[in-house]
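Please look over the sequence and the model shown here before reading on.

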Amino acid sequence: MKKEEYTVAIVGATGAVGEQMREVLEERQFPVGELILLASERSAGQFLEFQGRQRRVEILHDDCFTNVDIALFSAGGSVSAKFAPAAVSAGAVVIDNTAHFRMAPDIPLVVPEVNANAIAGYKTHGIIANPNCSTIQMVVALKPIHDAAGIKRVVVSTYQSVSGAGRQAMEELSQQVAALFSGRDIEKKKFPHQIAFNCIPHIDVFMDDGYTKEEWKMIHETRKILGEPALAVTATTVRVPVFCGHSESVNVETEKKLTAAEVKALLRDAPGVIVSDEPENNIYPLALDATGKDAIYVGRIREDYSVPNGIQLWVVSDNLRKGAALNAVQIAEILIRDYL
Ligand code: A2P
């Protein structure tokens, strides 16, 4: 018999994504019976609000998952590696927001607007992976184009906000701006260079071939989610001094010719997408406008005349919501509707 309410755990509840998870669960009226908020010892004794009630943050350990139906993990890859197995053993389904399980062949990597059917694969390991934030917003825009015209190649450059690197990274940007305006020296902790008034083409670690791990994720996760293991994708990922909202310049080459008008029409009908494209009125997607919203905003839609079948897009979304918390909660909604 179907449950009316579910016990949900948030691992990393005090973090930037954890906070959004609480908000999104509440906003979407997810049927939460009990909410278990988990974080490190640093957060011991803290209280966070959910549905008008203050809830105590507990310290994460293996025994926290008794009776948990769904565990939303967003506390870093090493925490997921260590504690997701305990959650699964206790009977929970894990929706993991870290990169740890994403490329495991038998763990589904899901964006509901693109490959919701893949959720069924959770039964093998009890785990569903939530993709990288930059990847999520790009594939939601790519899917209708791929279905209509067959994508041959994607070239993406990102302009990623500091919230993608967590709460401390947001504080680092604030503190650097304040320090610079008051003539003090800046402090660098989360970023290898000054992020205030700068752009840093370096997200996650560098690999031997000169790509960063973030770029690698965008390439390989896009292939896995679209079910196209050989799709040509290349990426340059850049951190910019924006607090929230990732922006992307996405260049797409298709098998079949699509005009800009046809792409606009496809995207207007696409689930989760809002076309914001009125250049004559200075209307195009902006990170500030996307913050706190659920949609993927697409604009600057135009043909790329340098190739026979090319399209250029500007794709913006709130990286903490659709890029993380919202996508995870949407997966949980399908889980309880169709599987649990
Ligand atoms: P805490 O606040 O106790 O450090 P962000 O991505 O915004 O930096 O947030 C990371 C989240 O992951 C926070 O909730 C943080 O808790 C949590 N976290 C980090 N390391 C651990 C750990 N070893 N065990 C449990 N939670 C952790």
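What follows covers the ligand and its surroundings, then several loop residues.

This is a predicted model, in which local features need pLDDT of at least 70 and side-chain atom pairs count only at pLDDT 80 or more, while totals for chains, interfaces and linings use all residues. Residues are numbered from 1 along each chain as its sequence is written, and side-chain values use heavy atoms, with hydrogens and water left out.

**The ligand and its shell**

- There are 15 residues around the ligand, and those that come nearest are Thr14, Ala16, Ser40, Arg42 and Ser43, where a residue is near a molecule if one of its heavy atoms lies within 4 Å of it.
- The shell around the ligand is made up of six nonpolar, seven polar and two charged residues; here Ala, Val, Leu, Ile, Met, Phe, Trp, Tyr, Cys and Pro count as nonpolar, Asp, Glu, Lys and Arg as charged, and the others, Gly among them, as polar.
- An oxygen atom of the ligand lies 2.8 Å from a side-chain N or O atom of Arg42, and a backbone N or O atom of Ala16 is 2.9 Å from an oxygen atom of the ligand.
- A backbone N or O atom of Arg167 is likewise placed 2.9 Å from an oxygen atom of the ligand.
- Taken alone, the ligand exposes 570 Å², of which the protein buries 71%; accessible areas come from the Shrake-Rupley method with a 1.4 Å probe, and for residues only the protein chains shown count as cover.

**The loop between E6 and H3**

- Arg102 lies in the loop between strand E6 (93-96) and helix H3 (112-115), with helices (H or I, at least four residues) and strands (E, at least two) being DSSP runs numbered from the N terminus.
- Arg102 counts as buried because its relative accessibility is 5%, given that buried means under 20% relative accessible area, exposed over 50%, and partly exposed in between (1.4 Å probe, protein chains only).
- The side chain of Arg102 reaches the backbone oxygen of Asn97 at 2.9 Å and the backbone oxygen of Thr98 at 3.1 Å.
- Asn97 is also found in the loop between E6 and H3, and Asn97 is buried because its relative accessible area is 12%.
- The side chain of Asn97 makes a polar contact of 2.8 Å with the side chain of Asn130 and another of 3.1 Å with the side chain of Ser74; a polar contact is a pair of N or O atoms within 3.5 Å, and within protein one must be able to donate a hydrogen and the other to accept it, while residues adjacent in sequence count only if both atoms are side-chain atoms.

**Residues with positive phi**

- Phe197, which is found in the loop between helix H5 (167-181) and helix H6 (213-226), has a positive phi of about 60 degrees although it is not a glycine, and Phe197 is exposed because its relative accessible area is 57%.
- Asn282, in the loop between strand E11 (273-275) and helix H8 (287-290), has a positive phi near 60 degrees, and Asn282 counts as exposed because its relative accessibility is 56%.

**Two prolines in loops**

- Pro131 has its place in the loop between strand E7 (127-129) and helix H4 (133-149), and Pro131 counts as buried because its relative accessibility is 0%.
- Pro192 is found in the loop between H5 and H6, and Pro192 counts as partly exposed because its relative accessibility is 40%.
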